[in-house]
Amino acid sequence: NMQPAHTFGAASSEYFLFEGSSSHLLLARIDNTSGTPVWHAPIAVTIAAYTLSGLLPGAPQSGNDNTIDTSDTRLLNVVYRNGSLWAVHTVQSPATTKTEVAWYKINPGAGAVLAQGRISDPVRWYYYPSIGVNQDDVAAIGFSGSSSREYVGGYYTVVRPSSSVAEAVSLLKTGEAPYYKTGQTMGIPGGGTDNRWGDYSATVVDPTDNVTFWTLQEYAQAPDPGTGASRWGTWWGTFHPSDVLSPTGLTATADNGTQVTLTWTDSSVNELGFKIERRRSPAGGYSVIATVGPNIPSFVDNADTSLAAGANYFYRVESFSAGDGAYSNEAYVTTPDTPSA
């Protein structure tokens, strides 16, 4: 599956990228595109090894034992900007059956990887990514995700030019219900069915400032009110790379049925404060439950914010400044059934 690069600005060639082997991508190019085009045979680009697959493991979801189809390892999106090629696809974790997002930044002239990484989670599966790159060489990556404790939702993150590690994953849209629809499985002798997903993932740069990103992702929508049939929807949102660093190492500990202690590491020096956000699992969006000042790395959530006993919660902390903030990792906790005395 050869992917042509979406080219920004002047380029001496038009580039094409596709899978080669378990440790190589193949890079081809066409020169002299304004005259008589000249095709150059593909060269191998060495990457971190992964297992090529025409049928990746299905991702779990809350409320339904049927897994979500994560398709295969073909490259899904390639962008050429600022002299580099960026690409993403779904791969299987080398240590588990979980799927995750692999991304690459490639120097096409040298045929060499400049940076690469994986976007993963201890519990959640990620799949069907897309990528955009802004004028500052910041890459944004959007994708779907689910786990046994969540419905399928939309997520995103960014990779800055000074780092080879993606920032903490942020939620775009939470899933609303379990999803199960079957369709003919492609590429399997004798046919079969799968719980079809994917295709509706796009991450692009706003042309008005060439910095802000828009991402559109697929999520599991509430069932059809008339038939009860499963539905998927698409959700779009916009975000701006933050000028403050995200908090790191967020943990959530249930002290009792109606009290949770949050702690995190303040990684920035110029934030104006932190917003503490909470959502229910398996569905429900984040809402701000409290705000604390700068340099404060903890918060105690309790019944004052309607925290309930015997419930599952996700938390995240946003460091904010005058502009857009940056989110921490998510922390998951289950409160005991018995509230505090």
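These are my notebook entries on a predicted model.

**Ground rules**

I worked with a predicted model in which local features need pLDDT of at least 70 and side-chain atom pairs count only at pLDDT 80 or more, while totals for chains, interfaces and linings use all residues. Residues are numbered from 1 along each chain as its sequence is written, and side-chain values use heavy atoms, with hydrogens and water left out.

**Backbone**

I looked for cis peptide bonds and noted the one from S281 to P282, with omega near 15 degrees. P282 sits in the loop between β23 (273-280) and β24 (287-292); strands here are DSSP runs of E with at least two residues, numbered from the N terminus.

N32 has a phi of about 55 degrees and lies in the loop between β4 (24-31) and β5 (38-46). N32 is partly exposed at a relative accessible area of 38%; I use buried for under 20%, exposed for over 50% and partly exposed in between (1.4 Å probe, protein chains only). D199 has a phi of about 75 degrees and is in the loop between β17 (193-195) and β18 (202-205). At 54% relative accessibility, D199 is exposed.

**Strands**

A59 stands opposite I68 in β7. Two residues lie between the strands, and G63 in this hairpin takes a positive phi near 80 degrees.

I also traced an open sheet of five strands, in the order β2-β8-β9-β10-β11 with mixed pairing. At its edges stand β2 (6-7) and β11, each with a single partner strand, so one side of each has no neighbour in the sheet. Within this sheet, β8 (residues 77-81) pairs with β9 in the antiparallel sense over five bridges, and N77 is opposite V88 in β9.

**Cores**

I listed the nonpolar cores, meaning sets of buried Ala, Val, Leu, Ile, Met, Phe, Trp, Tyr and Cys residues joined through side-chain atoms within 4.5 Å. The largest has 20 residues, and W103, I119, I141 and F143 have the most contacts inside it. The elements giving two or more residues to this core are β9 (84-92), β10 (99-107), β11 (112-119), β12 (125-133), β13 (139-147) and β14 (150-159). Another core, of 18 residues, lies apart from it and includes I289, V292, A311 and A331.

**Aromatic rings**

I searched the whole structure for aromatic pairs and got 15. Rings of Phe, Tyr and Trp (its six-membered ring) pair if their centres lie within 6.5 Å; planes under 30 degrees apart count as stacked, over 60 as edge-to-face and the rest as tilted. Y127 and Y128 have ring centres 6.4 Å apart and planes at 80 degrees, so I logged them as edge-to-face. Y127 is buried at 0% relative accessibility, and Y128 is buried at 7%.

Y200 and W232 have ring centres 4.7 Å apart and planes at 25 degrees, so this pair is stacked. The pair links distant parts of the chain, 32 residues apart: Y200 is in the loop between β17 and β18, W232 in strand β20 (residues 231-239). Y200 is partly exposed at 40%, as is W232 at 34%. I also noted one aromatic cluster formed by Y126, F143 and Y155.

Note on methods
Helices (H or I, at least four residues) and strands (E, at least two) are DSSP runs, numbered from the N terminus. Two strands pair if DSSP finds at least two bridges between them.
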